[in-house]
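Please read the following briefing alongside the sequence and the model.

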Amino acid sequence: GAENVASLNAFIKRWSLSNSGAKDMMYRFLAHVSCFVDEIYRSETGTMMLSQCISECFDILLSNDERKDSMCPGWFGLEEFIPEENSIHLAIETFAINLFVAELKMRACERHVVITSFNDEFQIVRTNLPHLLHYAEALGRSTMNGNLQQILAKLQTRTYWLAGVFYGWLGRRHTSHVVDVKEIESLAIEFVDKAIVSLKLPEQNPILVISTAHLASPGRAGNHWLELSHENLKSYRDEIELNTVISRVRQKFCDLVLELKSPEELLSGKLTETADSALLSIRSDLFERYGLGSENCGQNFDELITDFVDRCGSNLMLGSGRSSSDSISEVWEPIWNVFPTNACSLGHLESPSLLTIVVICHHYKSSNLSRSLLAFIPRLIIAALGMRSRIIEQKESNIDLALDDDGSISSNESSIGHHSDACDPATLMQLNRYLLAKLRVVLDESQNLQNEEINIICAVKVSIEASAGILLGSKIGQKESLQLQPDVSVFSEALSIAAIYLHKVENNSTQQKNVEASILLILWRILVHGKRTMIQLLRGEGRIGRALCHQLVILRAKYLAAVATEVGGFFSKYRNIYVDGNILESDIIRRAINISEDEKIGCEIAPLAQLAESLCWLWEFVSGAEKVETSTPSVYSSITNSVHKHAAKELLVPIAGAIVGLCGSAGYSPRSSVSEAFFCLEKKRIQERKEAISLSDNFGTGDSAKEWMSGDEYDNDDVKTRRSLMQTLNRTVQCIGLVFSGYSDEDISADLQCIMCPFSEGYFLPLYVIRVLSNICDFVLVEYCQKEAEESGKKHIWDDEYPYGFRGAGAQLDLLLHRAYRCLHGIHISSPHLQNLADKDAAIPLTSNSQTENKKYFLPESANAAVQLYRCVKRAYSHGRRNIPPTLFACITSALPIEVDSDKVKAIKKFIFSSNQDKMCMAVDSETAETLISTNEVIDTLPPDFPVWLFSEAEEDVDDVD
């Protein structure tokens with residue numbers, strides 16, 4: 001095809017043989033590039049060098065220009081165009097050259113804060129701009145052909161755009177008086193409007209869009225620097241209007257502060273009539289701009305965030321290295337009072353941010369300040385994280401990681417985005433942490449939460465998602481999301497707010513449980529996504545070096561450990577329910593599944609099944625670390641064996657706790673929603689020819705279980721269901737054994753704490769194992785021994801041995817309980833006979849009589865826990881002639897009621913400590929007694945010689961209360 005007339009090759013062919021020497025050739029080159037700057041820069045790479053070359057050519061020509069007017073030092077050629085006297089072609093070339101150079105000078109001008117000399121970039125643009133506007137208007141009245149009309153329309157648009165940019169910049173940087181700012185910014189808006197109109201010229205063939213690649217630079221953010229279009233210019237015009245409002249408000253506020261004796265008067269509500277009027281005017285402007293106090297609350301919040309980050313961004317980043325365990329004032333000391341939550345926390349107001357002014361306006365004459373801030377701060381958090389997400393999506397290909405000198409990970413996230421230079425994702429994440437800290441303080445001091453505060457939970461949810469380093473629901477590519485670092489401090493801060501919120505609404509159990517279920521569902525999803533991300537990191541996917549991959553694997557392991565700890569806490573708090581011989585899923589699982597269905601999550605596998613699959617994979621990763629040696633080749637290509645062991649150590653106890661908690665919270669009946677979820681998963685995996693996900697599906701149960709479960713083909717459905725449930729419980733015990741048996745007491749006794757479901761003192765994993773296995777034990781003894789108990793008169797739940805079909809699993813269960821009690825309470829329960837009763841393939845812990853030195857031990861967490869411990873001790877020592885060690889009784893009685901001198905307690909203790917083996921029984925506290933007296937059949941099943949008079953006394957006590 002024909003060669004483009006705008007190309008440099010076309011220029012060389014045209015002028016290489018017809019020029020008047022080097023000076024003329026330089027002028028022709030400069031004129032050609034200036035007239036076709038959009039097409040040339042669009043096709044060139046390394047444009048900064050080309051721009052430098054153009055500037056130097058211009059300086060050479062300018063220094064030798066005989067027509068240069070000394071009153072305008074930066075102008076080349078005739079300063080005035082007269083149509084009757086001057087050539088239109090020459091005028092357009094002069095216009096184009098001076099416009100192009102002025103644009104380059106403006107780019108340099110933005111980097112200089114102070115005007116340095118008469119002929120610096122600022123003065124050149126300022127003095128050349130009137131001449132450029134004259135050429136634009138004069139040439140616009142001239143008659144010319146179609147090609148020149150196209151060139152002129154682009155030059156006019158760029159001129160008006162340059163004028164708008166110059167006056168907008170001048171109003172922001174070099175003018176402080178509010179009247180001058182308003183006038184200058186009005187000029188900027190006027191010229192941007194003219195640029196918008198010029199895009200529609202010429203009428204026969206309007207230009208509509210102009211490529212301005214020569215205007216782009218690392219310090220400029222915004223699409224308007226890359227392309228001039230109606231949409232981009234309109235956006236910039238809105239930005240200037242914003243600056244007008246901001247400048248007016250800030251100046252009025254500063255004038256108001258100067259009139260006050262002290263800044264604290266602003267929050268007192270007692271101002272003079274003039275000051276009151278001024279502050280109400282400021283409040284009106286800001287509330288209208290940001291929709292505060294209306295349904296549109298949250299509009300234009302990006303402006304508040306950008307302004308705050310511009311002023312406080314460096315101090316925000318100082319908090320990134322501080323531990324969440326530090327006090328809030330220590331973490332955010334330099335900027336804590338920039339966001340005042342009460343009159344005592346108002347800081348200096350010499351140069352306040354917009355956010356500071358908005359908060360002060362919230363304070364002034366507020367009837368319910370806490371409620372206002374609880375509505376405002378969550379929306380601000382959501383806006384900040386939404387802004388962060390958009391920035392990352394816009395520049396996802398530019399996220400590069402590197403190792404700092406100290407070995408920590410840094411990124412070039414600060415170069416991302418089209419907002420302020422300071423608004424990078426890392427700073428916005430720290431802003432999120434800062435706002436969460438503010439929200440926690442306000443929430444902690446508030447009373448009587450209303451339904452409007454549900455935004456608090458929305459802010460918590462998005463903060464948890466952001467802290468995971470994974471933008472759930474966004475369009476960002478998975479490979480790029482690998483490089484986003486998880487933030488445990490933000491995760492902890494968000495959950496702390498949720499915990500305070502739940503405490504505030506504890507009288508509304510329905511709302512409390514729904515909030516817990518929604519948070520649990522988010523934690524499920526994070527574990528699922530975290531597992532996928534770990535797989536990709538271990539495979540070496542993404543643009544990540546080996547050293548960085550090592551750091552990211554460990555960071556993600558620590559984060560997933562924190563998430564798994566909270567998931568395990570939820571499951572341990574809400575355990576499965578026993579109803580009519582069935583084990584139904586816990587209330588929180590049922591609610592979470594209902595929420596996932598309501599949200600219509602587009603996935604083929606139910607969220608709970610995805611969680612189980614992810615936990616199994618993470619456990620395989622953990623257990624696999626024990627099978628490798630440092631000297632052997634790594635199982636994973638992207639990490640070393642030492643990194644594998646380090647990450648596995650972080651995950652060991654939290655993942656094991658989550659698995660144990662899931663075993664104790666899931667429902668086992670065939671019709672439960674949990675079973676339906678796993679049925680769908682298993683069906684899908686069979687179709688894909690994948691292995692089963694269960695840790696113990698292939699576990700071979702003992703002879704008693706096999707015989708009992710074999711059944712008869714004529715058995716009814718209820719009998720078959722009971723057999724299936726028994727088999728599931730056998731496998732559940734084996735599953736818990738697999739995650740609890742293969743490690744030392746020291747490894748599994750990690751001192752972890754849950755934020756959402758805090759427990760009394762104790763070690764995370766042993767405590768959960770005791771809770772779950774004790775519940776299984778009680779269920780089996782009650783449901784599967786009831787018929788035998790009725791016939792023989794035995795006490796089912798107090799039986800010395802498990803029913804037929806569960807004896808091997810029961811021995812394994814008790815051995816696991818003995819190990820958990822040893823880790824938690826420091827007691828040793830001797831049970832050599834159980835080793836022989838356990839199935840040969842059962843995962844049972846190693847026998848240990850030693851206690852770890854300098855290890856802290858704990859008392860039973862409740863009287864009910866002491867009862868369950870006593871039952872376990874009773875089963876262990878009921879066979880043979882061995883006496884129960886006094887240390888076990890001391891541990892059990894430590895959780896009994898404190899009323900040691902009462903007749904009730906004495907009678908109970910006398911019965912418990914009797915040497916007669918047949919008299920072993922639980923210590924019943926008064927609350928349990930009141931429950932027991934409601935059913936006469938329970939009294940009939942009490943052991944011999946039990947002090948039954950306790951119940952009659954309890955009846956009298958109840959009557960007295962009535």
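Buried is used here for a relative accessible area under 20%, exposed for one over 50%, and partly exposed for values in between, computed with a 1.4 Å probe on protein chains only. The model is predicted, so local features need pLDDT of at least 70 and side-chain atom pairs count only at pLDDT 80 or more, whereas totals for chains, interfaces and linings use all residues. Residues are numbered from 1 along each chain as its sequence is written, and side-chain values use heavy atoms, with hydrogens and water left out.

**Cysteines**

- The structure holds zero disulfides, a disulfide being a pair of cysteine sulfur atoms within 2.5 Å.
- Cys53 is in no disulfide, and the nearest cysteine sulfur to it, that of Cys57, lies 4.2 Å away; Cys57 is likewise in no disulfide, with the sulfur of Cys53 as its nearest.
- Cys53 counts as partly exposed because its relative accessibility is 33%, while Cys57, at 12%, counts as buried.

**Salt bridges**

- Side chains of opposite charge can pair when their charged atoms come close.
- The structure holds 23 salt bridges, where a salt bridge is a side-chain nitrogen of Lys or Arg within 4 Å of a carboxyl oxygen of Asp or Glu.
- Asp307 forms a salt bridge with Arg250, in which the closest N and O atoms are 2.9 Å apart. This pair links distant parts of the chain, with Asp307 in helix H12 (residues 301-318) and Arg250 in helix H9 (residues 230-259), 57 residues apart; helices are DSSP runs of H or I with at least four residues, numbered from the N terminus.
- Both partners of that pair, Asp307 and Arg250, are buried.
- Asp587 takes part in a salt bridge with Arg590, the closest N and O atoms being 2.2 Å apart, and also in one with Arg591, at 2.8 Å from N to O.
- Because Arg590 and Asp587 are three residues apart in helix H22 (residues 587-598), about one helical turn separates them; about one helical turn also separates Asp587 from Arg591, since these two are four residues apart in H22.
- Arg590 counts as partly exposed at 37% relative accessibility, whereas Asp587 counts as buried at 15%, and Arg591 is buried with a relative accessible area of 17%.
- Asp24, Arg28 and Glu93 are linked in a network of salt bridges.

**Crossing of H11 and H14**

- The axes of helix H11 (residues 273-290) and helix H14 (residues 354-363) come within 10 Å and cross at roughly 110°. Such axes are lines fitted to C-alpha atoms, for helices over the stretch in contact, and the angles run from 0 to 180 degrees between N-to-C directions.
- H11 and H14 are therefore roughly perpendicular to each other, a class that covers angles of 65 to 115 degrees, with those under 35 counted as roughly parallel, those over 145 as roughly antiparallel and the rest as oblique.
- On the H11 side the residues making the contact include Leu279, Ile282 and Phe287, and on the H14 side they include Leu354, Val358 and His362, contact meaning heavy atoms within 4.5 Å.

**Surroundings of Val528**

- Val528 lies in helix H20 (residues 509-538) and counts as buried, because its relative accessibility is 5%.
- Val528 and Gln610 are 82 residues apart in sequence and 6.5 Å apart in space, taken from C-alpha to C-alpha.
- Leaving aside residues up to four places away in sequence, Val528 touches Gln610, Leu611 and Ser614.
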